[in-house]
Amino acid sequence: MALERHSVQLLFFTIFIISYISRYALCLANYHEPPYGSNYYLDEIYEYGYDSQAYPSYLSSIEDGKSKDLIKQRTQIFNLKNVGGFSKRGKTVNVDDFGAKADGTDDSKAFMQAWKEACSNTGAVIVVVPVDKTYRLKPIRFSGPCKANLTVQIYGTLEASDDPSDYKKDGRHWIVFDNVQNLVVEGGGTVNGNGKIWWENSCKINKSLPCKDAPTALTFYKGNNLVVSNLKIQDAQQIHVSFQKCKNVLAFNLMVTAPGDSPNTDGIHVTNTQNIRITSSTIGTGDDCISIVSGSQNVQAQDITCGPGHGISIGSLGKGNSNAYVSEVTVDGAKLSETANGVRIKTWQGGSGYVSNIIFQNIDMVNVKNPIIIDQNYCDQDDPCKEQSSAVHIKNVVFKNIRGTSASDEAVKLDCSKSYPCEAIVLENINLQSEEDEPKALCNNVDDLAQRGSVFPRCPELNFNLL
Ligand SMILES: *[C@@H]1O[C@H](CO)[C@@H](O)[C@H](O)[C@H]1NC(C)=O
Ligand SMILES: *[C@@H]1O[C@H](CO)[C@@H](O)[C@H](O)[C@H]1NC(C)=O
């Protein structure tokens, strides 16, 4: 048995080395390509098309019987080779030609007309938002399906109306791309949610006000094959960018910023979305840097810089006894600075469903309050949450190569449910120091905890079986 296990390990180690070398060679081969050349998307995809590192980390980490299904699922690693492979040539539709003024008055009508023209054109279209101009927009919905593949080049700035009465019809969205397939949105410009008025009227800032949702700045709804890149998204009313019910998404070179005290301003929110890769992005806001919630599967985040904010989160899930599913998430390569959490899974008591097959690896923490945290007793409300017996089940989670500093003494917190303990959790090569106190690992209700390599701080080895 032991021998068999070793030969399997050797096999995968070899595969790992080969794929690593070929990936490296590919990087070198592409080194002199201009960063936004015509084949840039393809290069990007080939370079990151497979998370070759995912295999060995799982196999060497979890070897017990319970984790077999995890390994099986991982063989179906998604690829995004065809996303964004479409041409970016086409007829140009410039919003200025439809009456957009960029003079502080509302430009929504001009944008809507430009969109209608673009979306009904049978050949490829590039919608252009000119550089060095600021266009003011009320809530606006760019609806598909369109006849051809569209590219939206935002060179200038889109700025949201900050008159709440403009949001009466739909208080939850500002810009929406609704049911548009094969869409590229890029250009190096800015999407500014102008969110101050919404923050001031948030119940989290002014406790005498009722809690209400504020608009998400940029929503992609029911899109398939999306590329969103090279944009600055700032000061959203609430969430900055949301991918909802989308499939096959590449998001990269995004800069997302809002003040650290702006309430609920998640950076990139992934909900009910499958096959999405978020890379090379810098996110600093008042809430989660990336939040991944129910219905999401095959989510990869690579080369992410976070802070300020609440860190990279799966959840919250299971609120109001809801059913939630999130699986196959890899966060590989991130730096979090001064955030309230590092990498986190948060679920409310009383929920159901599962979170499974999650890898957080190669992550640097700088003065992060809770660098590693699973919280199955999450409660983000004024009233205390009462104890409930059901829970969103959490299993097969790897935390690997995570190092840096913790701003609290609780550097590792695995606070799992009494009735549904976390299952198959791996801590591998963890080194978290704390400036003031001796860092601790709090580890409650974990079945099958494996601590591999050098792990500091370590979970006390009383309440689990060593593998
Ligand atoms: C639109 O993009 C898709 C996906 O890349 C591609 O298969 C299709 O051929 C493109 N259509 C046109 C008209 O270019
Ligand atoms: C909080 O909201 C109340 C009710 O609208 C308002 O009277 C008060 O001035 C607000 N407080 C602050 C600090 O803005």
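Of the 467 residues in the chain of this predicted model, 49% count as buried. The chain contains six helices and 27 strands. Among the contacts with a separation of 6 or more, 75% are made by residues 24 or more positions apart.

The mean pLDDT is 85, and 80% of the residues reach 70 or more. Over residues 15-77, however, the pLDDT is below 50, although this stretch has 82 contacts in the model beyond near neighbours in sequence. A further segment, residues 463-467, also stays under 50 in pLDDT; for residues 463-467 the model has eight contacts beyond four places in sequence.

The largest nonpolar core comprises 112 residues. Those with the most contacts inside this core are A217, I233, I290, V355, F360, F399 and L414. Strand β21, spanning residues 352-368, gives the most to the core, with eight residues. Because domain 1 (1-53 + 73-261) and domain 2 (288-467) both give residues to the core, it lies between them. The surroundings of V355 can be described individually: leaving aside residues up to four places away in sequence, V355 touches I314, L317, V326, I345, V392 and I394.

Eleven strands form an open sheet with parallel pairing, in the order β4-β7-β10-β12-β14-β16-β18-β20-β22-β24-β26.

Strand β7 (residues 173-178) pairs with strand β10 (residues 216-221) in the parallel sense over five bridges, and H173 stands opposite T216 in β10. Further along the order, strand β22 (residues 370-378) is joined to strand β24 (residues 410-415) by four bridges, the two running parallel. Here, I373 faces K413 of β24 as its opposite residue. Strand β24 is in turn joined to β26 by five bridges, again with the strands running parallel. In this pairing L414 stands opposite C443 in β26; L414 is also one of the residues with the most contacts inside the largest nonpolar core.

Strand β21, the leading contributor to the core, is paired with two further strands, β19 and β23. Its pairing with strand β19 (residues 323-337) is parallel and comprises 13 bridges, with N323 opposite S352 in β21. The pairing of β21 with strand β23 (residues 393-406) is likewise in the parallel sense and extends over 11 bridges. In that case the bridge partner of M365 is G404 in β23.

Towards the end of the chain, P460 lies in the segment after β27 (446-456). P460 is exposed, because 11 other C-beta atoms lie within 10 Å, where the cut-off for an exposed residue is 12 or fewer. P460 and N444 are separated by 16 residues in sequence, and their C-alpha atoms are 9.8 Å apart in space.

Definitions and conventions. Residues numbered from 1 in each chain as written. Chains lettered and ligands numbered in written order. Predicted model: local features only at pLDDT ≥ 70, side-chain atom pairs only at ≥ 80, totals over all residues. Core = buried A, V, L, I, M, F, W, Y, C linked by C-beta atoms within 7 Å. Buried ≥ 20, exposed ≤ 12 C-beta atoms within 10 Å, placed from the backbone. Domains from an automatic or database assignment. Contact = placed C-beta atoms within 7 Å. Pairing = 2+ DSSP bridges. pLDDT = per-residue confidence, 0-100.
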